[in-house]
Amino acid sequence: GLPLYHVKISDNVSVNENEPELLYTAIHHAREPQSLTQLIFYMWYMLENYATDDEVKYLVDNTQMYFVPMVNPDGYIYNETTDPNGGGMWRKNRRNNGDGTDGVDLNRNYGYEWGIDNQGSSPNTSSETYRGLSAFSEQETRAVAWLSEQHQFTLALNYHAYGNYLIYPWGTGTVLTPDSNTFIALATEMTRVNNYVFGTGVQTVGYNVNGDSDDWMYGENTTNNKIYSLTPEVGPSFWPPQQDILDLNKACVAMNIATAQLTGNLYEIQSVTDSPIREEVDKIV
């Protein structure tokens, strides 16, 4: 029952300008607070440096950045209630499943190849990866889908935690997408500072996923354009030590800025090492 917000950062936020659009999300899973923390940090970084940093100003003036900082507010606040000092491990949303269990895994509830097998998601309501009764049965995933369909997002980062990975489609199996080389090139540039390991789900975390946000954003081309969507998995744990949070945030800022620059095709991927991306991330870290 909690509200779900999205935020836009651009030079003319009330106008839909003819500029590249990109999307950042966090907290599909309630127990992954570092995904949210780094995103709020990045949003403040762009706002606080707009007046003094030419590259930040250029990106804000020439792209339209959309953020959903907390896709799963009900689950997140539930963790905050049960474990107010941190450490809550609730993952799903808080849907009453009607059988004594609660929650749907929002990152198994998207429509592309939803429920294609029981390895990448579960039909069991008590499972951590319960996919729901149907594709887009949950208001949270419908909201993200609606936002995606209203815009022409070129790139999206759907943040999770943890593992220090950057994951791209497909979530299921070992077959690569037709744009595999593009995903590899994008991931190479995005991870130059934080050195995240990148690849498909099987290549990184080692398991299959279906009904996830990345596969839907990239694979569903009927209701929205093709979005090159990737999932960063931030940090060494669900609840990293407090003293590590700032460095984890900074490493993600570099990846977020690289994504914003690549969204607008501002620089050729092959020569991006010598572009202002390099200069900007050097300042951040």
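Trainee: What makes Thr200 count as buried or exposed?

Mentor: Keep in mind that this is a predicted model. Thr200 has a relative accessible area of 4%, and buried means under 20%, so Thr200 is called buried.

Trainee: Where does Thr200 sit, and which residues is it in contact with?

Mentor: Thr200 is in the loop between strand S6 (197-199) and helix H6 (201-204). Setting aside neighbours within four places in sequence, Thr200 is in contact with Ile167, Tyr168, Pro169, Trp170 and Leu176.

Trainee: Trp170 is on that list. What kind of peptide bond joins Pro169 and Trp170?

Mentor: A cis one, with omega about 5°. Trp170 itself is in the loop between S5 and H5. Another cis bond runs from Ala161 to Tyr162, with omega near 20°, and Tyr162 lies in the loop between S4 and S5.

Trainee: Why single those out?

Mentor: Most peptide bonds are trans, and most residues other than glycine have a negative phi.

Trainee: Which residues here have a positive phi without being a glycine?

Mentor: Among them are Phe136, with a phi of about 55°, and Asn195, also given as about 55°. Phe136 is in the loop between helix H3 (73-82) and helix H4 (139-149), while Asn195 is in the loop between H5 and S6.

Trainee: Is Asn195 buried or exposed, and how do you know?

Mentor: Its relative accessible area is 60%. Exposed means over 50%, so Asn195 is exposed.

Trainee: Let's zoom out. How many helices and strands are in the protein chain?

Mentor: Nine helices and seven strands.

Trainee: What else describes the chain overall?

Mentor: Buried residues make up 54% of the 285 residues. Take the contacts between residues at least 6 apart in sequence: 77% of them join residues at least 24 apart. The accessible surface comes to about 12,300 Å², with 49% of it belonging to carbon and sulfur atoms.

Trainee: How many positive and negative side chains are there?

Mentor: There are 15 positive and 36 negative, and the centres of the two sets lie 4 Å apart.

Trainee: Now helix H1, residues 33-49. How do you know that its span agrees with what a helix should give?

Mentor: H1 has 17 residues, which should span 24 Å at 1.5 Å a residue. The end C-alpha atoms are 24 Å apart, so the two agree. Buried residues of H1 include Leu36, Leu39, Tyr42, Met43 and Met46.

Trainee: What makes that kind of spacing along a helix interesting?

Mentor: An α-helix has 3.6 residues a turn, so residues three or four places apart point the same way.

Trainee: Which strand holds Met65, and why is Met65 called buried?

Mentor: Met65 is in strand S3, residues 64-68. Its relative accessibility is 0%, so Met65 counts as buried. Tyr24 and Tyr42 are among the residues Met65 touches. Met65 and Tyr24 are 41 residues apart along the chain, yet their C-alpha atoms are separated by 7.7 Å.

Trainee: Last one: what covers the buried residues of H5?

Mentor: The cover includes S6, helix H7 (213-219), strand S7 (228-233) and H8. Among the buried residues of H5 are Phe183, Leu186 and Met190.

How values were computed
Residues numbered from 1 in each chain as written. Predicted model: local features only at pLDDT ≥ 70, side-chain atom pairs only at ≥ 80, totals over all residues. Heavy atoms only, no water. Helix = DSSP H or I, 4+ residues; strand = E, 2+ residues; numbered from the N terminus. Buried < 20%, exposed > 50% of the residue type's maximum accessible area, 1.4 Å probe, protein only. Contact = heavy atoms within 4.5 Å. Areas by Shrake-Rupley, 256 points an atom, 1.4 Å probe, with all protein chains shown as cover. Lys, Arg positive; Asp, Glu negative; His and termini not counted. Charge placed at Lys NZ, Arg CZ, Asp CG, Glu CD. Expected span 1.5 Å × (residues − 1).
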